[in-house]
Amino acid sequence: MRTVISLLILSSLLIGQFGKVEVTVDDRLLRASERQKVSSIRDEVRRFFGGQLWDDKFQGLNIPLNISIVFQGVAQKGGMETFHAQVLVSDGSDIRYFDKALQFHYNGGNSIQFDPVIFDPLGSFFAYYAYAILAGWMDTYEFYGGNYGYGQAREIALRGMASDYPKGWSSRVQLLKEVTGNKGLREARFAFYVAMDLFDQGNPDDALNEFKLMMEGFEIVFRQFPTGRTLYFINAHREKLVNRLNLLGQKEMLLRLSEIDPAHKDIYIRGLSKK
């Protein structure tokens, strides 16, 4: 079972929440002098995520991160060069965020810092997504376990809206509202992970009950919410999901999933034909 106890055991070996951080930078739209000024950002972003303890309760998670930074240009703001970029942040599985409106100043001689009180356009931006990613993981260990992380991200976003660099922060507040309000997906993700653990532990009946709760969560999503993030989740776990439901003889669930995810209907139908 994915429990806090197991996380605390891990914390004796690993302290931080994030493990390997892969950062790619596309600076082709910058001039040579501008590229030089941000030449250290790749290493600084890696250091930033690896050097912070984001939540005392959940330690040693070793969450992988993939971050892609695409610079869009530079403008002058208050006598300072302000970089504009689009950023994709994901855990390489079912959590991903694409942000089109990063605006920040950067001095390659200084490290990226985050202060929970003092707003910094770059440090606060990455802290916001650190908490958002962490919250998504916490939702799979505890029922609504991500509430603290989402709350911290929201506090950062509200400070961003009131700062001298407000661009994009109102959209980030709205993003959190959509993610936290999508209770169907949050409950479905939690039920899926519990079901997988129960199945692997040799408790198929209990696992089936959790898979049923997962399907109930999907139904809520498809009645009330945009389906994009739910399809990210299904896409990341489709193979295992089809395998377990087939072993449990759940033809109706597989048929319903083929309707929810019609682009991959053939995979669910193949699952139905296996014995």
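User: Which element gives the largest share of the lining of the largest pocket?

Analyst: This is a predicted model, in which local features need pLDDT of at least 70 and side-chain atom pairs count only at pLDDT 80 or more, while totals for chains, interfaces and linings use all residues. Residues are numbered from 1 along each chain as its sequence is written, and side-chain values use heavy atoms, without hydrogens and water. Rolling a probe the size of a water molecule over the atoms shows where empty space is left. A pocket is an open set of points on a 1 Å grid over the protein atoms alone, where a 1.4 Å probe fits, with protein on both sides within 12 Å along at least five of seven lines; lining residues have an atom within 4 Å of a point. Here E4 supplies the largest share, 6 residues.

User: Which residues are closest to the centre of the largest pocket?

Analyst: The pocket has a volume of about 610 Å³. Of its 29 lining residues, Tyr97, Leu175, Glu178, Val179 and Arg229 are closest to the centre. The lining comprises 14 nonpolar, 5 polar and 10 charged residues.

User: Which residues touch the most other members of the largest nonpolar core?

Analyst: In soluble globular proteins, nonpolar side chains tend to be buried together. A nonpolar core joins buried Ala, Val, Leu, Ile, Met, Phe, Trp, Tyr and Cys residues through side-chain atoms within 4.5 Å; buried means under 20% relative accessible area (1.4 Å probe, protein chains only). Among the 54 residues of the largest core, they are Phe49, Ile67 and Phe126. H4 contributes the most to this core, 14 residues.

Technical notes
Grid points are joined across faces, edges and corners, and a volume is the space filled by probe spheres set on the points. Helices (H or I, at least four residues) and strands (E, at least two) are DSSP runs, numbered from the N terminus. Ala, Val, Leu, Ile, Met, Phe, Trp, Tyr, Cys and Pro count as nonpolar, Asp, Glu, Lys and Arg as charged, and the others, Gly among them, as polar. Buried means under 20% relative accessible area, exposed over 50%, partly exposed in between (1.4 Å probe, protein chains only).
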